[in-house]
Amino acid sequence: MNVTVTADDTCSPVVSHAIGQDAASSVAATLKALSDPLRLRMLSAIASDPRGESCVCDLAELAEVSQPTVSHHLKVLKDVDVLTSERRGTWVWYRINPSRRRAVTTLLDSFAPATVEVSDADGASESSLRPDFDARVTRLAQELSAEVPEVGEAVVLTVVRESYTALARTARVTSALIPLTERFARQRLSDLTRDRDAAVPQVLFVCVANAGRSQLAAALVNQLAGGRVIARSAGSSPADVIHPHVRSLLVEIEGDAAAERFPKPLTDDAVRAADVVITMGCGDVCPIIPGVRYDDWAVGDPALASREGVEAIRDDITARVRTLVDDLVH
């Protein structure tokens, strides 16, 4: 069969768009270093360690290998700048290189939840409790995709999977993971589709654990603004539950709606959707997005305060919130 190729049918490769040779070599070396199951498990253990670092003795428990073998694998990850280390006494502690943390988190999250096992209160893993948990997450993504067709199925699936994985890291009991994932994913999709020009002002309160002052500030904004301002809250390292003293205050402010609140991880979606981002004096850092206003409120930490101290913190936040709401709606 003869095929006639016209000028319009010829390909026009744009080779200048390809990754450069040096960058490709660097990325290939990193991916090669990561292409080992034990190294990936070590990386995941370090990334999820609440201390932000892990010792060789901790990592040796991941597999039946000697500490010199563990040290060898860690050196491979150090050589490609994925990890940094610090010797203290006889032990060496390892951290994710700050410049690579986002890449590492994205890598580990992108292949979850299928690769993530979460333990419930009795020690059983999520995969053994629910063999269909990945299918349930996928089914949830399909349901949400039908509600926001403008986002695209692939993006919705990614958002749902990332939301599940982020919440699973701190889940104390897994039975509520799917409902919490749905609520968190809905919020993220709402942020992705927000029309900044037409929507009411949106404020994002950020603290490390998202278990105290940021939750309280968001609840107070939503109460005092009466729908004229929307408030969200998040944390860079969210706790598994809201602090009990704060939970009781949330019930006083929101009633039954307080039961819907839970610590959530900070995402770029939430920062990009916000008109104002307020950190709560806890040293947390947010991505800098053009057009977003940033502020820091130096308020006390309810986790370190008595009941009376928590009420004083509430009053301090309430006064700040009143000023903020007045500023945004007038």
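## Getting your bearings

Of the 330 residues in the protein chain, 40% are buried, where buried means under 20% relative accessible area, exposed means over 50%, and partly exposed is in between (1.4 Å probe, protein chains only). You're looking at a predicted model, in which local features need pLDDT of at least 70, side-chain atom pairs count only at pLDDT 80 or more, and totals for chains, interfaces and linings use all residues. Residues are numbered from 1 along each chain as its sequence is written, and side-chain values use heavy atoms, with hydrogens and water left out.

The protein chain has 13 helices and 7 strands. Helices (H or I, at least four residues) and strands (E, at least two) are DSSP runs, numbered from the N terminus. Among contacts between residues at least 6 apart in sequence, 64% join residues at least 24 apart; contact means heavy atoms within 4.5 Å.

## Exercise 1: two helices crossing

**Task.** Work out how helix α10 and helix α13 are placed against each other, and which residues meet there.

**Solution.** 

Step 1. Find α10 at residues 213–225 and α13 at residues 307–329. Their axes come within 9 Å and cross at roughly 50 degrees. Axes here are lines fitted to C-alpha atoms, for helices over the stretch in contact, and angles run from 0 to 180 degrees between N-to-C directions.

Step 2. The scheme calls angles under 35 degrees roughly parallel, over 145 roughly antiparallel, 65 to 115 roughly perpendicular and the rest oblique.

Step 3. Check the hand: α10 passes α13 in a right-handed crossing. A crossing is right-handed if the near helix is turned clockwise from the far one by less than a right angle, and left-handed if anticlockwise.

Step 4. List who meets whom. From α10 come Arg213, Leu216, Ala217, Leu220, Val221, Leu224 and Ala225, and they meet Arg314, Ile317, Thr318, Val321, Arg322, Leu324 and Val325 of α13. Sorted by type, the residues of this contact of α10 with α13 are 10 nonpolar, 1 polar and 3 charged. (Ala, Val, Leu, Ile, Met, Phe, Trp, Tyr, Cys and Pro count as nonpolar, Asp, Glu, Lys and Arg as charged, and the others, Gly among them, as polar.)

## Exercise 2: another helix pair

**Task.** Now do it again for helix α8 and helix α9.

**Solution.** 

Step 1. Helix α8 covers residues 153–168, and it packs against α9 at an angle of about 130 degrees, with the axes 9 Å apart. That makes α8 oblique to α9.

Step 2. The crossing of α8 past α9 is right-handed.

Step 3. On the α8 side, the contact includes Val155, Val159 and Leu167, while residues from α9 include Leu177, Phe184 and Leu192. The residues of the contact of α8 with α9 split into 14 nonpolar, 2 polar and 2 charged.

## Exercise 3: salt bridges

**Task.** How many salt bridges are there? Then trace three of them.

**Solution.** 

Step 1. The count comes to 16 salt bridges, each being a side-chain nitrogen of Lys or Arg within 4 Å of a carboxyl oxygen of Asp or Glu.

Step 2. Start with Arg183 and Glu260, whose closest N and O atoms are 3.4 Å apart. This pair links distant parts of the chain, 77 residues apart: Arg183 is in helix α9 (residues 177–192), and Glu260 is in the loop between α11 (244–254) and α12 (268–273). Arg183 is partly exposed at 27% relative accessible area, and Glu260 is partly exposed at 46%.

Step 3. Next, Arg232 pairs with Asp191, with the closest N and O atoms 3.2 Å apart. Arg232 sits in strand β5 (residues 230–234) and Asp191 in helix α9, 41 residues apart. Both Arg232 and Asp191 are buried.

Step 4. Finally, Arg320 and Asp316 meet in a salt bridge at 3.0 Å, N to O. Both lie in helix α13, 4 residues apart, about one turn of the helix.
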